[in-house]
Amino acid sequence: MALIETNDGLWFQEDLYPEISCGFKVSAVLHSERSACQDILILDTPALGKVLVLDGIIQCAQKDEAIYHELLAHSGVLLRQTLAPAEGGLDVLVVGGGDGGIARECLKHSGVVRVTVVDIDPHVRETMLAHFPELPAGAYADPRLTAVDADAVGFVRQHRNRFDLIVADTPDPVGAATPLFGRNFVADCHAALQDGGVFVRHAGSLLLQTDEFCRTRGDVAAVFGTQCTRTGLLATCSYLGGWFTWVSAVKNARYPEADSALQAMRALFDRSAPDVHWYSPEMQFASQVLPRFAGEPVRGKNR
Ligand code: SAM
């Protein structure tokens, strides 16, 4: 675990990449434990506020977590509502996501009637509630939320044609999270969605994890179909590598283009009026403009 004493006090250095790292000053270690699944660390920092670190890898920071959580959650909810108004409200599955950030954002929509968070490690949720409650911000007390302590691989396989939205809020593809990245898992998510259901996930850093981005986009496009899949960018200061990526796809429906969907999503967004810090439908569609080398699903290359 990369906590380093320096003349300037305690610093954290991330363990994700062997040859490049990001670091920040730590004002306090709020919690440190080894659960059955992973090392869990909550830090307080002058630059980023509270930070959740799992196995030496930054998961989310108070300063910029809204950029990631809002985009993945609201883009998915609004896209689903635009494609087909779900009778009886939306049934959402969050894969991983034990920190509660994606659930918190989905629950801002009154049209969401159920959110199931399936995380393999209950200690993540318990630690967040005890030491970083600002992030779930009451999501776990919402009666619409069910927390399932299980491996999401098996959980997703048990469901067919059920969910309106699946958000895969997974760590990087290491350890227990590795099977959440293959094409088989994407196919299981596809099967667990209703027609018109939406799948959203992050796909790594465009520059530092280009292979992961291309593979993830390829897997999603292979399962859902290229016409049903879109990718976009988001940038935070706590995920190293500049541009980070997201992939979203719709089941058995053509992915709506900005021209037709933006107005509908803006109207839904205004009606729902979730209290957001960063997201807008305009920003979502603008973020789908990729740099040239990454523009085509099969042409991405490592530089
Ligand atoms: N936003 C983060 C990111 O971009 O890296 C992900 C945060 S979230 C805390 C990731 C969660 O996935 C962790 O709480 C971890 O316990 C959970 N997880 C890892 N492997 C899993 C699996 N096989 N099934 C369910 N949850 C899993």
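Visitor: How many residues of domain 1 are in contact with domain 2?

Guide: 24 residues of domain 1 are in contact with 19 residues of domain 2. Contact means that two C-beta atoms, placed from the backbone, lie within 7 Å. A word on the source: this is a predicted model, where local features need pLDDT of at least 70, side-chain atom pairs count only at pLDDT 80 or more, and totals for chains, interfaces and linings use all residues. Residues are numbered from 1 along each chain as its sequence is written.

Visitor: What makes up domain 1 and domain 2?

Guide: Domain 1 covers 2-61 and domain 2 covers 65-295. Such bounds come from an automatic or database domain assignment. The two centres, taken over C-alpha atoms, are 25 Å apart.

Visitor: Which elements give two or more residues to the side of domain 1 that touches domain 2?

Guide: They are strands E4 (28-34), E5 (39-45), E6 (49-54) and E7 (57-61). E7 gives the most, with 5 residues. Strands (E, at least two residues) and helices (H or I, at least four) are DSSP runs, numbered from the N terminus.

Visitor: What classes of residue does that side of domain 1 have?

Guide: The side has 16 nonpolar, 4 polar and 4 charged residues. Ala, Val, Leu, Ile, Met, Phe, Trp, Tyr, Cys and Pro count as nonpolar; Asp, Glu, Lys and Arg as charged; the others, Gly among them, as polar.

Visitor: Why is Asp 55 called buried?

Guide: A residue is buried if 20 or more other C-beta atoms, placed from the backbone, lie within 10 Å of its own, exposed if 12 or fewer, and partly exposed in between. Asp 55 has 20 within 10 Å, so Asp 55 is buried. Asp 55 is in the loop between E6 and E7. Its phi is near 50°, a positive value in a residue other than glycine.

Visitor: Why does Asn 161 count as exposed?

Guide: Asn 161 has 11 C-beta neighbours inside 10 Å, so Asn 161 counts as exposed. Asn 161 lies in the loop between helix H4 (152-157) and strand E11 (163-169). Asn 161 is not a glycine, yet has a positive phi of about 50°.

Visitor: What is the largest nonpolar core, and which residues have the most contacts inside it?

Guide: The largest nonpolar core has 86 residues, and Val 95, Ile 166 and Val 167 have the most contacts inside it. Helix H1 (residues 65-83) gives this core its largest share, 9 residues. A nonpolar core is a set of buried Ala, Val, Leu, Ile, Met, Phe, Trp, Tyr and Cys residues joined through C-beta atoms within 7 Å.
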